Amino acid sequence: MMRPDAGEPGRAAASTSADASTSADAETDADTLSDPSAPEAPPAPAAPAGPGAAARSGAATPPPVSALAVTAILAASTAVTLNMAITNTSLPTIAADLGADQADSVWVVTAFQFAMAATILPLGALGDAIGHRKVFLWGLALFVVTSLASGLAWSLPALAGARALQGIGGAALSAATPALIRALYPPERLGRGLGFYALAVGVGLTAGPTVASAVLAVADWPWLFLINVPVGGASLLLAIRAMPADRPGRRPLDPVSALLCMAFFVLMLLGLAEAGDEARPLRLALELGGGVLCGLALTRRERGRPSPIFAADLFRRPMFALSSATSVCAFAVQGAGFVALPFLMQDVLGRSQVETGLLLTPWPAATAVMAMVAAGLADRIHAGILGALGLALSGAGMMLLAALPAEASDLALGWRLALCGLGFGLFQTPNMRAIMASAPAWRSGGAGGILAASRLTGQSIGATLTAFCLALGAAEGAVAALWLGGALAGLGCAVSLARLAAGAVVAVEDPPERTGQGVIGGSG
């Protein structure tokens with residue numbers, strides 16, 4: 001695993017004097033939160049947090065980042081992403097071994113995705129209430145246990161059930177990780193920290209098909225899940241040792257709101273998925289209508305609350321709202337591409353299934369490389385510019401792929417995929433920084449949940465639109481979906497450029513919760 005940052009290894013020690021000096025500020029936070037009409041989080045004097053602010057203000061050098069804590073976070077993120085990628089690749093093998101229908105085997109993937117989508121916002125809010133370290137550790141423990149259960153599953157329903165629980169663990173990790181990175185890194189280096197996170201995700205996606213092929217060459221499919229046990233267990237022990245302690249929370253989670261939020265996402269995503277499969281109109285109307293009703297009930301119940309599960313109040317911040325919308329557009333492009341490209345390669349370009357898996361590698365590989373380049377740019381250049389440029393590159397790559405002739409070479413295919421990946425990597429890290437930095441630090445869990453929810457929503461929209469296109473036929477539909485992906489990238493460019501009018505991305509800090517003072521917390 002890469003060493004994530006220069007700094008003292010081991011635990012970022014909690015400072016008794018820092019805790020004492022921040023207690024008065026923490027009480028002020030609690031008073032402010034109890035009154036919805038009061039101004040948002042207490043802004044104690046702090047150095048400017050925008051790109052390059054530290055250099056302009058002459059602020060003191062920030063405390064070193066705990067390399068071990070960041071390593072634990074990145075290892076867990078890689079394991080979750082790798083698990084998703086290898087499962088997608090090995091579905092035919094799993095279905096054959098369990099004697100299940102190919103169509104039914106998709107529930108191995110769907111159960112994970114639905115559980116993750118349903119619980120990610122409630123778990124983000126739970127992190128704001130009890131601390132993101134606790135949510136991360138319990139999520140990682142659940143991920144390890146359910147990996148073992150998946151490897152020991154004896155039937156398709158048993159495997160799907162274990163995967164659903166594994167999705168809850170993955171949601172806890174995805175919701176807590178951006179908030180933990182924000183707590184561990186000072187504002188002027190937040191882009192660097194999020195760049196490492198994007199790199200870890202990219203490595204997992206890139207290595208997935210290769211790891212799946214290597215494991216299945218020497219072992220049975222259960223080992224695809226069992227390999228997570230030692231990796232996840234080591235990450236859990238490292239995280240327990242290296243992560244600073246949480247500060248106790250003062251905002252309890254509302255279970256009714258959590259249930260409404262889960263029902264909203266499950267029904268809406270199920271409706272979107274079945275819309276692409278030409279589901280019965282009545283069933284589709286019940287699913288989408290039920291989702292809308294749950295969403296309205298959730299909004300009504302949480303109206304006026306200072307920190308709702310669905311962080312609708314954060315969308316009143318132009319930078320946050322526009323960055324989230326850009327994220328939905330970008331991940332819709334990715335979702336459309338990842339679903340359409342296998343059909344393009346096999347039905348138009350005549351590649352085999354094995355060749356298709358290998359030829360898709362340039363996209364995630366280029367994303368992983370560009371994520372680290374963009375990490376250095378994100379703290380200096382406006383996210384609106386970087387996001388628009390990245391989506392322009394991805395859109396151009398999608399349209400160039402759509403225009404490929406049937407006799408195109410692997411090289412011609414590869415550089416176009418790499419162009420899509422480079423553009424996506426240039427967009428991803430600055431956009432993550434814009435979302436997390438434009439929300440108050442004490443709302444990092446809610447912001448991290450919206451960050452993950454926008455990704456899942458965009459991917460679902462892209463996959464659904466591609467399913468509609470594929471109704472035209474595999475070859476014609478794949479080409480149409482890629483052209484549509486190019487159009488979505490153009491829309492994302494326009495939304496990203498609109499952020500320039502919102503001004504610079506300035507992190508809203510909550511000084512008592514800075515990890516530099518020895519505390520990770522989600523609540524004031």
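**View 1. Serine 394, a buried spot in helix H17.** At 2% relative accessibility, serine 394 counts as buried (under 20% relative accessible area is buried, over 50% exposed and in between partly exposed, with a 1.4 Å probe and protein chains only). Serine 394 sits in helix H17, residues 383-402 (helices are DSSP runs of H or I with at least four residues, numbered from the N terminus). Setting aside residues up to four places away in sequence, serine 394 touches Leu419, Cys420, Gly423 and Phe424 (contact means heavy atoms within 4.5 Å). Look for tryptophan 363 too: it lies 31 residues away along the chain, and the two C-alpha atoms are 9.9 Å apart.

A quick note on what you're looking at: this is a predicted model, where local features need pLDDT of at least 70 and side-chain atom pairs count only at pLDDT 80 or more, while totals for chains, interfaces and linings use all residues. Residues are numbered from 1 along each chain as its sequence is written, and side-chain values use heavy atoms, with hydrogens and water left out.

View 2. Serine 174 is buried at 9% relative accessibility, and threonine 177 is buried with a relative accessible area of 0%. Leaving out neighbours within four places in sequence, serine 174 meets Met116, Ile120, Tyr197 and Arg455. With that exclusion again, threonine 177 is in contact with Ile73, Ser77, Phe136 and Tyr197.

View 3. H11 covers residues 228-242, and its 15 residues reach 20 Å from first C-alpha to last, close to the 21 Å expected at 1.5 Å a residue (the expected span is 1.5 Å times one less than the number of residues). Buried here are Asn228, Gly232, Ser235, Leu236, Ala239 and Ala242.

**View 4. Where helix H19 meets helix H20.** The axes of H19 (residues 444-470) and H20 (residues 474-498) come within 7 Å and cross at roughly 145° (axes are lines fitted to C-alpha atoms over the stretch in contact, and angles run from 0 to 180 degrees between N-to-C directions). Leu465, Thr466, Cys469 and Leu470 make the contact from H19, and residues including Ala474, Gly477 and Leu488 make it from H20.

Notes: Helices (H or I, at least four residues) and strands (E, at least two) are DSSP runs, numbered from the N terminus.
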